[in-house]
Amino acid sequence: MPKKKKLPLVAICGRPNVGKSTLFNRLIGKARAIVHDEVGITRDRYYGEAKWDEYHVRMVDTGGMVDEAPDAITRAMQEQVYLALKEAQVVLFVLDSQQPLTKLDYDARDIVLKSGKPVVLAANKLDNAKLRENVYEFYELGLGEPIPVSSGHNLGFDALREALEAHLPKPEP
């Protein structure tokens, strides 16, 4: 029996409440990850498979990255983020475009950069043309071109998938 080929993994990371779980659900086409406005809902890694064009990848949703872990649960959550970064081929770093950059965004960026993995920057929650102007602030992070998306309204996903494809192995025919 032939061995099943291991799919490339994309880790979705960022500070709490930037829309990582909604983005994850949209990419895999299922409501698998819990979505809520409360901080700290995602505490573990959630895996799912995404398929588009000829690409077939695994995605992992992670809890929000924080600068200080005040308790054992938060420390365990952060360990899950580091494990996801370690096993990923590509990092999808997500920001909330309806809020200005925070110290936590910069701290999370530094952690993601230390992983040494290619990074795709998703500027999430850009639900209308006026909000799309907010994307320019994110060039300041030095992670390349921010991809404007709205997970809630399914906007910008063709460009996001194209940006991810640039860092994924070419599919076999």
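User: How many residues of H1 are buried?
Analyst: Seven of the nine, where buried means under 20% relative accessible area, exposed over 50% and partly exposed in between, with a 1.4 Å probe and protein chains only. Keep in mind that this is a predicted model: local features need pLDDT of at least 70, side-chain atom pairs count only at pLDDT 80 or more, and totals for chains, interfaces and linings use all residues. Residues are numbered from 1 along each chain as its sequence is written, and side-chain values use heavy atoms, with hydrogens and water left out.

User: Okay, what covers those buried residues of H1?
Analyst: The cover includes strands E1, E2, E3 and E4, and also H5. Helices (H or I, at least four residues) and strands (E, at least two) are DSSP runs, numbered from the N terminus.

User: Which residues meet between H1 and H5?
Analyst: Leu 23, Arg 26 and Leu 27 in H1 meet Phe 157, Leu 160 and Arg 161 in H5, with contact meaning heavy atoms within 4.5 Å.

User: Switching topic, how many salt bridges are there?
Analyst: The whole structure has five, each a side-chain nitrogen of Lys or Arg within 4 Å of a carboxyl oxygen of Asp or Glu. One of them joins Lys 125 and Asp 96 at 3.2 Å, N to O. Lys 125 lies in the loop between E5 and H4 and Asp 96 in E4, so the pair ties together parts 29 residues apart in sequence.

User: Is Asp 96 buried or exposed?
Analyst: Asp 96 is buried, at 4% relative accessibility, while Lys 125 is partly exposed at 24%.
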